[in-house]
Amino acid sequence: MRKPIKIICFVLCLSLGMVLIFGCGQSSAPEESNAGSDAKTPVRIAVLKGPTGMGMAWLMEQMEQGQTSNEYTFTIEGAPDAVTSKLVTGELDMAGIPTNMAALLYQKTSGEIQVLVVNTLGVLYIVEKGNEVTDLSQLEGKTLVSAGQGTTAEYVLSYVLEQNGLTPGKNLTVDYVTEHSEAVTLTKTGKYDYAVLPEPFVTSLLSAEDSFRIVADLTEEWNQTGAGLLSMGAIAVRKDFAENHPEAIANFLKEYEQSVSFTNENIEESARLIEKYDIMPMNIALKAIPNAHIVFATGEEMKTSLNNFYQILFAANPKSIGGQIPDDNFYLMP
């Protein structure tokens, strides 16, 4: 009789042990799940050297200090082409690129790239050697040097000039070169007295040659035509990333808005950060920030300004925005 009792006791103990083991495992599962939900979302983002990247420097610093809601990985590139290809292939989640390129990618990817926020207005200026021109109409008969033929730089310049009664090729001449740096060099050497340059090339020229001055801010001239904001730079995002990580998008917008505000309101510290992250030398950034038109425009403001801009670009060259004006799905509205 004792053997059956021992067997029963053994079975009961074994059963109790199994209950304890599996019971503990089940009770710990929710704790693991809760811990995982607090993890930061990785966000891979690229920006360009120059104005489109300057407003991101503060956010880079916050990331380095562990103060951001997302886990950002930043890449800084010198040319848009290096960024757009990675955005299309999914190597990046977001990127700061020219607004016409955002429209091009939207068409090229059948809607897989959207625009999230306008971050830069126009950064083009007309400069002259001397002090002759006080009004754009006085450029009649003059010759300007510029880079960016066949790009938005040409279309913006032509539109502003035409609104002031000037037509390139008719009553003034625009000689196009390959690079902005080449335009600076030709102006410094005296071949041209007038040049169309973006920041930070304007600041570089004026800092090196005190005989030059700004004749016109093409962003202000554009605004005076009634065409709305000259929205030339934006943050584009992959549609699949935005759909899968709405909270990360909301966090980014909040933090990026703070970054843009910091850049515009704390010029000296921003210039230091801009140099720290190899976006631009500090001495150039100090003078360039006030002229860089760094902004934060989302929602209806972004949509209205870009739609107006695209209308003008389409009239100049439909291919510049992918052959058609983007529809409403292009705009990621927060």
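**Figure 1. Burial and overall make-up of the protein chain.** Of the 334 residues in the protein chain, 47% are buried (buried: under 20% relative accessible area; exposed: over 50%; partly exposed: in between; 1.4 Å probe, protein chains only). The model is predicted, and local features need pLDDT of at least 70, side-chain atom pairs count only at pLDDT 80 or more, and totals for chains, interfaces and linings use all residues. Residues are numbered from 1 along each chain as its sequence is written, and side-chain values use heavy atoms, with hydrogens and water left out. The chain holds 14 helices and 11 strands (DSSP runs numbered from the N terminus; helices are H or I with at least four residues, strands are E with at least two). Its accessible surface is about 16,100 Å², and carbon and sulfur atoms contribute 51% of that (Shrake-Rupley method, 1.4 Å probe; for residues, only the protein chains shown count as cover). Among contacts with a separation of 6 or more, 77% join residues 24 or more positions apart (contact: heavy atoms within 4.5 Å).

**Figure 2. The six-stranded open sheet.** The strand order is β2-β1-β3-β10-β4-β11, and the pairing is mixed (two strands pair if DSSP finds at least two bridges between them). At the edges are β2 (71-77) and β11, each of which pairs on one side only. From one strand to the next the twist averages 30° (axes are lines fitted to C-alpha atoms, for helices over the stretch in contact; angles run from 0 to 180 degrees between N-to-C directions). Strand β1 (residues 42-48) pairs with strand β3 (residues 94-98) in the parallel sense over two bridges, and A46 stands opposite A95 in β3. Helix α3 (residues 57-64) packs on this sheet, where α3 touches β1 and β2 and makes about 135° with the direction of β2. Helix α11 (residues 246-265) lies across β1, β2, β3, β4, β10 and β11, and runs at about 150° to β11.

**Figure 3. Strand β4 and its two partners.** Strand β4 (residues 113-121) is mostly covered, with nine of its nine residues buried. Its pairing with strand β10 (residues 231-238) is antiparallel and spans seven bridges; T120 stands opposite G233 in β10. Strand β11 (residues 294-297) also pairs with β4 in the antiparallel sense, over two bridges, and here V118 stands opposite A297.

**Figure 4. The surroundings of T52.** T52 belongs to helix α2 (residues 51-54). T52 counts as buried because its relative accessibility is 14%. Apart from neighbours within four places in sequence, T52 contacts V47, N119, T120 and G233.

**Figure 5. Helix α14 packed against α6.** The axes of helix α6 (residues 152-163) and helix α14 (residues 299-316) come within 10 Å and cross at roughly 95°. The two helices are therefore roughly perpendicular (65 to 115 degrees; under 35 is roughly parallel, over 145 roughly antiparallel, and the rest oblique). T152, Y155, V156 and Y159 of α6 make the contact with F309, I312, L313 and A316 of α14. By class, this contact has seven nonpolar residues, one polar and no charged ones (Ala, Val, Leu, Ile, Met, Phe, Trp, Tyr, Cys and Pro are nonpolar; Asp, Glu, Lys and Arg are charged; the others, Gly among them, are polar).

**Figure 6. Helix α14 packed against α5.** Helix α5 (residues 99-108) and α14 pack at an angle of about 85°, and their axes are 11 Å apart. This angle makes α5 roughly perpendicular to α14. On the α5 side, T99, N100 and A103 meet L306, F309, Y310 and L313 of α14. The contact comprises five nonpolar, two polar and no charged residues.

**Figure 7. The five-stranded open sheet.** Its order is β7-β6-β8-β5-β9, with mixed pairing. The edge strands are β7 (173-177) and β9, each pairing on one side only. The twist averages 30° from one strand to the next. Strand β5 (residues 124-129) and β9 pair in the antiparallel sense over five bridges, with Y125 opposite D217 in β9. Helix α7 (residues 180-188) lies across β6 (143-147), β7, β8 (194-198) and β9, at about 150° to β8.

**Figure 8. The loop residue E209.** E209 is located in the loop between α8 (201-208) and β9 (212-217). Its relative accessible area is 26%, so E209 is partly exposed. The C-alpha atoms of E209 and K188 are separated by 7.5 Å, and the two residues are 21 residues apart along the chain.
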